[in-house]
Number of protein chains: 2
Amino acid sequence: MATARLLLLLLLASAAASCSAWDISIRVPTERLEDEVVAPLIHALRPLLGSGAGQLAGLPCDSWRLGVEAHNIIDWETVPAKCEGYVGHYMLGGHYRRDSAVVVDEAVAYAETLQLAGNGKEVWIFDVDETTLSNLPYYANYGFGAKPFNHTSFINYAAEGTAPALPETLRLYQRLLELGIKPVILTGRREYLRDATEKNLRQQGYSMWEKLLLKPTSALQAGAAFKSGERQKLVDAGYAIVGNIGDQWSDILGAPEGSRTFKLPDPMYYVS
Amino acid sequence: MATARLLLLLLLASAAASCSAWDISIRVPTERLEDEVVAPLIHALRPLLGSGAGQLAGLPCDSWRLGVEAHNIIDWETVPAKCEGYVGHYMLGGHYRRDSAVVVDEAVAYAETLQLAGNGKEVWIFDVDETTLSNLPYYANYGFGAKPFNHTSFINYAAEGTAPALPETLRLYQRLLELGIKPVILTGRREYLRDATEKNLRQQGYSMWEKLLLKPTSALQAGAAFKSGERQKLVDAGYAIVGNIGDQWSDILGAPEGSRTFKLPDPMYYVS
């Protein structure tokens, strides 16, 4: 039995490694994933250790992903081609959701310790893409970030307003509302996507935000500068930023960061 | 053949999961680990997904480790008890070394792009513990961080001056010297360990540093405040901090951080 199961897992893993087309009818399960469901998928996440040519040929994909998450690997354009299968499995399997759940568990535990001033000025910053909303249905068509970013097609996708919620973030969002901490949604999406983004967020269960801040359509700033500037405006207006969550380091770095910051996983793309 | 190998790996993995005593005669291999050597060890790193009682019972150890590395899980005292076996395997197997190698590859690639001013003022900050030197022989006796930190016994160990180099960091150190970038070693170890630390570093192949900065024996500052203060003094003295590498976020956060920062893995302990 154990042997048969292992062989099955090996087959799954090797099928994954050679697979470059993906079933893109993705459903993001909203229930909390159980260990029993998740465990087998871990085995499919064997890092691809190749010996081919090229600078990244010997790069283990799990170490590459850790390098991205710990802000060691920056300014990258696309997922290394050899890691497309690895990242696809990471995102579609239970691993991404488990990693996200641990971040949100930590954020919730922290939020529950806060003593609020009672003036209604405590806010928590949420990013949109790969934070409140998941663009996995889109990126599955682009090699999970292994194909170059296509701005036009992404805007078209975002304008549909059909992105699912990342369930872990929605859980944090709802808990913060219960606690009396007000969400501020701060995104690098530009103003022309306001209506689509607002509709998308509401349909996915997000509501009651204090502010929904998008980047001006003509702004030239990079994401980090825009976001730290907006956070400064909040502080200047008397808000206390008690928390800040995003999937990019550019959501997090740059004063005022917020009293605590949380980095959700995102091995699909990098935003400076 | 494949089946037999898988069964062997399964046996190794299950032996590991139930093992709490460790062979502590640890040798840190100095050669670059090859993929062939590393690959089997990955399988032993199955996250421990338990269903016991307690707050962390359901915590997957790999997600916990990612949470630590991405600065989501902070202010922790010890490795979760259920993750002792996982962290031990991570540290002793090839995984830690592979993850460290990717960080250092990125640091070397970055350093090689730098155009130096020619005034000899470019420096690179190195932390000591779990950065230039590895205390793995010590922590293997303390459950790889799962047992409470014992300050006295750690000081006694550090005073011996026998810690091995982390070979990846040594590779970066030597490359920077070749490039003309000067190492500055900046550690939270206190001045009374200066002689032992200096002897240990030299015996492990580190030399030619611009400065070796230890914390004053009576200082009350936390690590991050001490280190950012020392970096500010370097900048005030005309140095350009082109890079900064450490295993703790307290090595990295706090202006002036340095033009680029690199976070080596460390799932064994947390320093604020």
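Reader: Which residues form one aromatic cluster here?
Author: This is a predicted model. In it, Tyr138(A), Tyr139(A), Tyr142(A), Phe149(A), Phe154(A), Tyr157(A) and Tyr269(A) form one aromatic cluster.
Reader: How many aromatic pairs over all chains?
Author: A search of the whole structure gives 33.
Reader: Take Tyr138(A) and Tyr139(A). Why is that pair edge-to-face?
Author: Their planes are at 90°, over the 60 degrees needed, so the pair counts as edge-to-face. The ring centres are 5.1 Å apart.
Reader: Are those two buried or exposed?
Author: Tyr138(A) and Tyr139(A) are both buried.
Reader: Switching to charges over rings. What sits over the ring of Tyr239(A)?
Author: The charged end of Lys121(A), at 4.2 Å from the ring centre.
Reader: And over the face of Tyr110(A)? Which residue lies there?
Author: Arg260(A), with 5.3 Å to the ring centre.
Reader: Now the strands. How many bridges join β1(A) to β2(A), and do they run parallel or antiparallel?
Author: There are 4 bridges, and the strands run parallel. β1(A) covers residues 122–126 and β2(A) covers residues 182–190. Phe126(A) stands opposite Ile185(A) of β2(A).
Reader: What about β2(A) and β3(A)?
Author: They run parallel, joined by 4 bridges. β3(A) spans residues 211–215. Here Ile185(A) stands opposite Leu212(A).
Reader: Which helix does the chain pass through from β2(A) to β3(A)?
Author: Helix α9 of chain A, residues 194–203. That β-α-β crossover is right-handed.

Definitions and conventions
Residues are numbered from 1 along each chain as its sequence is written. Chains are lettered from A and ligands numbered from 1 in the order in which they are written. This is a predicted model: local features need pLDDT of at least 70, side-chain atom pairs count only at pLDDT 80 or more; totals for chains, interfaces and linings use all residues. Side-chain values use heavy atoms; hydrogens and water are left out. Two strands pair if DSSP finds at least two bridges between them. Helices (H or I, at least four residues) and strands (E, at least two) are DSSP runs, numbered from the N terminus. A crossover is right-handed if, with the strands pointing away from the viewer, the path from the first strand over the helix to the second runs clockwise. Rings of Phe, Tyr and Trp (its six-membered ring) pair if their centres lie within 6.5 Å; planes under 30 degrees apart count as stacked, over 60 as edge-to-face and the rest as tilted. Buried means under 20% relative accessible area, exposed over 50%, partly exposed in between (1.4 Å probe, protein chains only). A charge sits over a ring if NZ of Lys or CZ of Arg is within 6 Å of the ring centre and within 35 degrees of the ring normal.
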